[in-house]
Amino acid sequence: MEVSMFLNTLTPKFYVALTGTSSLISGLILIFEWWYFRKYGTSFIEQVSVSHLRPLLGGVDSSTPSNSNSTNGEADSSRQSVSECKVWRNPLNLFRGAEYNRYTWVTGREPLTYYDMNLSAQDHQTFFTCDSDHLRPADAIMQKAWRERNPQARISAAHEALELEDCATAYILLAEEEATTIMEAERLFKQALKAGESCYRRSQQLQHHGTQYEAQHRRDTNVLVYIKRRLAMCSRKLGRTREAVKMMRDLMKEFPLLSMFNIHENLLESLLELQNYADVQAVLAKYDDISLPKSATICYTAALLKARAVSDKFSPEAASRRGLSTAEMNAVEAIHRAVEFNPHVPKYLLEMKSLILPPEHILKRGDSEAIAYAFFHLQHWKRVEGALNLLHCTWEGTFRMIPYPLEKGHLFYPYPICTETADRELLPMFHEVSVYPKKELPFFILFTAGLCSFTAMLALLTHQFPELMGVFAKAFLSTLFAPLNFIMEKVESILPSSLWHQLTRI
């Protein structure tokens with residue numbers, strides 16, 4: 001009775017205010033949830049419930065292993081996942097002064113993230129310094145310069161080191177960061193080569209005199225290899241591709257054990273530019289081996305060579321009628337293999353996503369590696385007639401072969417789940433990171449979207465038809481509270497009136 005009297009006193013304005021406020025609150029929740037999902041890839045409400053509410057309710061934390069005695073297979077899988085998420089130096093990384101900085105001057109955007117540049121600083125300290133640098137004034141200055149965050153301070157330190165002596169690492173820093181053209185960078189690298197060769201010969205003779213000399217020789221070797229590789233890249237960028245190929249081949253023969261620089265990927269790109277496909281196949285035969293780590297360059301170059309044999313005559317209509325020939329089947333399988341290794345590449349090769357400047361570091365199988373590969377190799381795919389058409393017709397078929405959920409791979413290990421987080425650190429904010437597998441919208445975003453839409457519709461209808469909606473609201477609430485009223489009436493009839501009066505007073 002009291003409930004009915006309360007409902008009769010409510011005016012249409014109350015219902016408008018109620019539905020409008022509900023719509024506003026659910027809309028704000030929806031906007032926040034969507035922003036959080038776009039930034040972190042998960043629902044905020046879901047994360048809070050799993051992280052904080054679930055333990056309070058006695059749930060088991062999914063991050064805690066249920067069995068401490070895990071099998072060897074699980075341990076191997078875990079180690080593989082960690083190794084696949086390792087960040088690698090981009091073999092084709094651009095020059096900061098001559099390329100990255102020019103982009104910043106033109107667009108006002110920073111193409112490199114702080115995380116990426118910090119990794120480069122760590123690489124430089126690893127490759128270009130050693131424990132005995134404090135014994136030589138120029139090397140001591142450069143040791144501090146590589147740790148310096150301010151670019152102008154690094155450049156000033158390099159000039160200061162050169163005033164003392166011809167220092168190879170000082171020339172390297174100036175070529176990378178101060179030179180504004182590739183020709184200027186090449187000139188500085190040639191000066192670095194002269195100083196680097198002199199240091200290398202000197203330390204080569206003394207390397208067996210102790211651990212200190214051995215570390216110094218290792219540092220001088222790294223410096224020399226880096227200089228020669230960058231000189232070869234300068235030649236490639238300046239159009240002297242045959243000269244670049246010769247320099248890379250000589251470098252790989254002279255230092256065959258230094259695979260960390262991945263010089264063979266530079267060589268593959270230069271050979272593709274020369275359209276020397278026989279030599280490309282010979283390089284792949286050596287490096288596309290089951291015992292060696294794969295990369296997008298290896299997998300997609302192998303696919304390009306297979307596609308080249310059939311792409312000029314390939315027609316999807318004809319293939320559907322007669323079936324695929326052996327050569328076409330080999331090409332399709334090679335494309336499927338490449339797409340399984342890195343599923344982000346096709347969208348860049350097919351120009352479904354816009355390219356940006358590649359970062360200085362890449363994550364294998366991630367979006368950063370896809371950008372780095374497509375940035376340099378898109379022109380080679382365009383040059384092979386029909387190759388992009390074949391890729392367009394076949395690449396999506398890969399996903400029908402891969403188990404879902406991605407608990408195991410088909411030709412490679414399962415796709416690592418850490419790629420999105422690492423790529424967001426490596427790639428600039430203005431780039432929309434490609435995510436695989438595509439995440440479905442969390443339940444709470446869909447729920448808040450539905451709630452917001454429903455309450456907004458109710459608010460609009462209540463504002464337009466206040467009397468009618470008031471009748472509907474009263475009827476709905478009366479129906480909703482009918483069971484409660486029935487129970488209350490039964491309780492009143494059973495309990496003595498005096499006891500019920502005392503309870504209501506309480």
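**Note on helix packing and aromatic contacts**

1. The model is predicted.

2. Geometry of that packing: α9 spans residues 168-178 and α11 spans residues 211-237. Their axes lie 11 Å apart, at an angle of about 35°. The crossing of α9 past α11 is left-handed.

3. Tyr226 joins Phe127, Phe128 and Trp146 in a cluster linked by ring pairs. Arg230 lies over the face of Phe95, at 4.0 Å from the ring centre. Elsewhere, Arg109 lies over the face of Phe430, with 4.4 Å to the ring centre.

4. The structure holds seven aromatic pairs. One is Tyr200 with Phe255: the ring centres are 6.1 Å apart and the planes stand at 75°, so the pair is edge-to-face. It links distant parts of the chain, 55 residues apart. Tyr200 is in helix α10 (residues 182-206), while Phe255 is in the loop between α12 (241-254) and α13 (263-273). Tyr200 has a relative accessible area of 13%, so it is buried. Phe255 is buried too, at 11%.

5. Tyr300 and Tyr373 form a tilted pair, 5.4 Å centre to centre with 40° between the planes. Here the partners are 73 residues apart: Tyr300 in helix α15 (residues 296-308), Tyr373 in helix α19 (residues 367-383). Tyr300 is buried, with a relative accessible area of 1%. For Tyr373 the value is 3%, so Tyr373 is buried as well.

Definitions and conventions: Residues numbered from 1 in each chain as written. Predicted model: local features only at pLDDT ≥ 70, side-chain atom pairs only at ≥ 80, totals over all residues. Heavy atoms only, no water. Axes fitted to C-alpha atoms, helices over the stretch in contact; angles between N-to-C directions. Helix = DSSP H or I, 4+ residues; strand = E, 2+ residues; numbered from the N terminus. Left-handed = near helix turned anticlockwise from the far one by under 90°. Phe/Tyr/Trp six-rings, centres within 6.5 Å; stacked < 30°, edge-to-face > 60°. Buried < 20%, exposed > 50% of the residue type's maximum accessible area, 1.4 Å probe, protein only. Lys NZ or Arg CZ within 6 Å of the ring centre and 35° of its normal.
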